[in-house]
Amino acid sequence: MSGSDSTRSDRLSWTRRDMLAQTATMAAGTFASGALVTALADSQRVFGSERPAGPAPVTSTGAGMPAATRVEPMPAPSAGPAPSGKRRQLLLLFQSGGASQLETWDPKPGARTGGPYRAIATSVPGVQIGELLPHCARNLHRLTVLRGVNSGIGDHFQGHYALQAGRVATGYPVIGSAVAKLLERPDDILPGYVSIRRDAPKAYTDVGDAGFLGARYEAVKIVNNRPPANLAAPANVPAAALAAAERARQAADARFRRGRAAAPIDGHDTAFHRARALMQRSELFALEQEPAAAHERYGRHEFGQHCLLARRLIEAGVSCVRVVHFDWDAHQDNFYWHQIRCAEFDRTFITLLDDLSERGLLEHTLVVAVGEMGRTPQINNLGGRDHWGRAWSMAMAGCGVKPGVIHGATNDEGTEVKSGQVKLGDLFHTYLRALGIDSSQMYHVGGQTNPVADPAARPITEVLA
Amino acid sequence: MMTSRLIGFARWRAATRRGRYQGSRCERTPLSALALAVVLLGASGVAQRPAWLSFAGADRFMASPAACGAETTPVAAPVAAPIVAPVAAPVTAPVAAPVAAPVAAPAGVAPPLHQRIDHWIARGWETRGVKAAGRSDDAEFLRRVSLDLNGVIPTADRARRFLEDPDPEKRAKLIDELLASPDYALHMARLFDSLLTERRVATINSYDVAAPAWQAYLAGAFAENRPWDRIVRELLSSDGSEGPIAAGAKFFLVRDVAPHQLTRDVGRLFLGIDLQCAQCHDDPRFDDYRQADYYGIYAFLQRTMSFRDTEKNVSLIGETAKGQATFTSVFTAKAGETQPRLPGGEMLPDPPAEKDKLYLVEPGPKTRGVPAYSRRLLLAERLPRADTPGFARNIANRLWAIMLGRGLIHPLDLTHAGNRPSHPELLGELEQFLVAQAFDMRALLREIALSQTYQRSSEQPEATATAPDADAFAVAALRGLSPEQFAWSLLRAAGRYDASRPDASRPDAAASSAKPDLPPWRQRQKQLEPLERQAKAMASVFAPLPGQPDGEFQPAVDHALFLLNNPAISGLAQSAPTSLAGRLEKIDATPALADELYLSVLGRRATTEERALVDEILANASPSNASPSNASPSNAGPTGAGSTGAGPSNAGPSKAPSAGASPTAGNGTATAAARRDALQGLVWGLMLSAEFRLNH
């Protein structure tokens, strides 16, 4: 692993000039011609081991590539553990503020709404994505892209909640909490859900939580990669005091529990168990243990470094890790901001996939890149794009989904979904199914029965493996 | 069918419990047409269900199937009648109007309010088939009422006196004592600070009102039992410049004097209605939340603006004389215009004014605008009135929730025809009482505290398979202490709260000590000043995000890490001359020591088992177990062990089979150190217990 660090570092340190040169080469040819072969050969040189064996048909409804050409091992469909017997996991890269679909997965070059950037060819023949995502373009055969998301929400707070909870009705657990609950095993010691973000703003990101599942399934919140506060035991407290404290607390709680509503008391107790378990794994947060090359590959920016920690947590077995990637809300200078955001996202996302894949984690980890909304096709007079929930895009990779499938399409200006429309409830079902969870099941919590996912929505079978 | 309806109801309950209903705006309904059909078909089962179930759920469903996503249009609620009609609930009064005394009280003298509270609550149990818990024991009651009225647990001395007091009237006397205490004013000031500001702080656009001034304003108001209508009038009319109500401008300033935020929060906090959705369109879920209502409130506030006095470093509230409230529905494109108007009230047109007489002071870069006719002052005059629909009901409901942990209308800011009060007649009575008592909040809190309903135990009656629903008020709720209650109670348990008060157990003694020129609440505040920063720091760990109301108890891992590992907490349990651990060190006999410990932290005596536990832990505290700072603080005790689990350090040779092992002579210092460690652990452990963390 470490031996390949420098190589990888080299191959990922593309300048914008390289990128555009590469783009030009790829865009120059027609897709049926020898130019494509050149492009793919180039792609093979760069990402040799992961190039598809050859061109494969892709349809907007997601027929996908023939099995023989699929790069990632396919886990068993729907329910059940991954082939290795390992628990499936979720890595959620949340693009807070709302990424523009037009600058990323669904470019409309030349259209009135298209903006200045070009589209580039990808490793999936016949499919182009925005030129700001060159690494994704070369790896598109590993990704699953939805171009027909219609969530109907153009509000940050509501979007953050709804896109993670799979419905607009409040009080439900977000996907991270749901996964923590549904994939929980009795012998777990680590928290089921960890969320990583920078320090501010927190208003949007902290919308939504475990809902009726309760604090046990709340995210442990990591800010700026700092270990959770108070993770180390106090230095000056004698062991005898610690032991006496624990006994006195347990005895008081045992007495207090008799005849009283169990939920708040158990919740209080559980928080202590979780806290102690986390204290014993404090090395997880020691990013200095990672080689410098790893820091480079992930990118020396907030999102990159946060993803590096996320990989360690996924490796350690946390059921769901969420990384919040901030500042996509480009009401002004959209094209400038997307250049920066996409550069961060593009390289780090693919690095993550490479790392997870090399460690054998990707076969049981679903990686989802989504925000709370897309951005308006209309470009406003500040060169920005505004809030938009009607026709936007997102991407997934890893377990349970079909790689190389581009599902759904929008019209020429990107103002409406033309085919393959999916709603936010459908996304939630799909994540669960890709994680091997029966999304039609019910929660039974505190005497109440609640559907895990919106019963009116359904999994997107076209993209499920 | 029955099951489906129950599921639907549970979803609704889950969705509304948290009070964050704003999240559900602007999207298609959570209930699909399919689910709705299920609900409708389920109507045939109505007769078998308890009335309350069909009632609240059905209305809510009927009101909700609509949407405001760009591609959808509001769906007319199909056939509401089959669900709503057959319900024989004792609920008839619409929530929008005060209920006209429907009490089946005997002619002549009406029973006091606290008895009528019990009457209505008990009547609810009949219709629900609920079995109520028994009366709380004295210790349970003392702790609860001390937290609710004074914001802090009782001292061990106060607990001992109360438990030993044979007076049958001692509970009523205690309630009056607490309501008269300076701690009442300080507690209510903290409570209403978080209620009114929701822990917001002004952004860089405004200078905030200094925290001490704001606290002093609120505490002074509660100390003199200022009526609620007057407080609200002061908050809405303060311009922040000078005088006794200057600090009231905080209500505007922490919201950056943003008219839309103010409109929403005036509705939520003073009228119990969250009109957020109606900013853009009539609320598709509730017929009574109209866009015109939203802009009626907005029209009062839209001309208000912040004025920064950069010389004095204060922000003031200014106002222009121009601006009309116009609005357009994003659904229907229907446009409207409104003068100031409160929901359910009359339009209040501006008086005619000559163009050159619009201002008393023209607004300018260096001057704060003062219009000749102020819509903001009109709001301050018109809103806090008994006849403003919702005004009295809102504060009645909020005071009830403060005491019982849940509103009669719940969530507190979601009053509408589809979200009926659990006990409409009772809410009507509370409202009428407040109006008749000129918005005397202390009087209402007193009546609630006197009720059997408030004094019920949190132990469920035996043989109940499932806990009664929270809105039956049949069992006292387990509620998390507010961040401030928790912090101040930790300080009291540790002995710090009362360290500066030589005879803390006697309120009269405290009042007579020095500085007679200051009002009692101010003296108490001065006594507590050295602890203020520490209390705030601890409270902030448990506080919700700015802009969020204090919600349900949600223990989190970071809370637990703070309690386990932050020196601020373990330090509270350390031995010091005035600390609890220090006091305990001087007590030799275990029963007395255990009682002092449990009374100080949990407000009750130790049980037999707990005395034995204390005995055993102290007996095992031999020098070999004493661990000065060089000992490795291995990560605490048994994480998964039950209450009988022994700590890791108990494996030493000193682990005596019985509690009789006494410290060996000749090793006095080490023994004392070991005993000190054990005492610190005992104090700390009880502070970390669920019993301490919860109000029960």
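Predicted model: local features only at pLDDT ≥ 70, side-chain atom pairs only at ≥ 80, totals over all residues.

**Entry 1: a helix pair in chain B.** From H6(B), I found B:Asp138, B:Ala139 and B:Leu142 meeting B:Ala159, B:Phe162 and B:Leu163 of H7(B). Sorted by class, this contact has five nonpolar residues, one charged residue and no polar ones.

Next I looked up the geometry. Helix H6 of chain B covers residues 138–150 and helix H7 of chain B covers residues 156–164; they pack at an angle of about 135°, and their axes are 10 Å apart. That angle makes H6(B) oblique to H7(B). I also noted that H6(B) and H7(B) cross in the right-handed sense.

**Entry 2: chain B as a whole.** I stepped back for an overview. I counted 28 helices and eight strands in chain B. Of its 696 residues, 51% are buried. I then checked the contacts in chain B with a separation of 6 or more, and 73% of them join residues 24 or more positions apart.

**Entry 3: the core.** Which residues have the most contacts inside the largest nonpolar core? I found B:Leu597, B:Val683 and B:Met687, in a core of 279 residues. Helix H7 of chain A (residues 239–257) gives this core its largest share, eleven residues. I followed up B:Val683: leaving out residues up to four places away in sequence, B:Val683 touches B:Ala573, B:Leu580, B:Ala581, B:Leu597 and B:Val601.

**Entry 4: a glutamate in chain B.** Is B:Glu610 buried or exposed? I find B:Glu610 in helix H26 of chain B, residues 608–619. B:Glu610 is buried, because 22 other C-beta atoms lie within 10 Å, and the cut-off for buried is 20 or more. Apart from neighbours within four places in sequence, B:Glu610 contacts A:Ala251, B:Ala594 and B:Tyr598.

**Entry 5: a helix in chain A.** My last stop was helix H12 of chain A, residues 424–434. Eleven of its eleven residues are buried, so H12(A) is largely enclosed by the rest of the structure. Among the buried residues I noted A:Asp426, A:His429 and A:Arg433, along with A:Leu427 and A:Phe428. What covers the buried residues of H12(A) includes strands E1 (89–95) and E8 (365–371) and helices H5 (156–165) and H6 (175–182), of chain A. After H12(A) comes A:Gly436, with a positive phi near 75°.

Methods: Residues numbered from 1 in each chain as written. Chains lettered and ligands numbered in written order. Helix = DSSP H or I, 4+ residues; strand = E, 2+ residues; numbered from the N terminus. Buried ≥ 20, exposed ≤ 12 C-beta atoms within 10 Å, placed from the backbone. Contact = placed C-beta atoms within 7 Å. Core = buried A, V, L, I, M, F, W, Y, C linked by C-beta atoms within 7 Å. Axes fitted to C-alpha atoms, helices over the stretch in contact; angles between N-to-C directions. Parallel < 35°, antiparallel > 145°, perpendicular 65-115°, else oblique. Left-handed = near helix turned anticlockwise from the far one by under 90°. Nonpolar A, V, L, I, M, F, W, Y, C, P; charged D, E, K, R; others polar.
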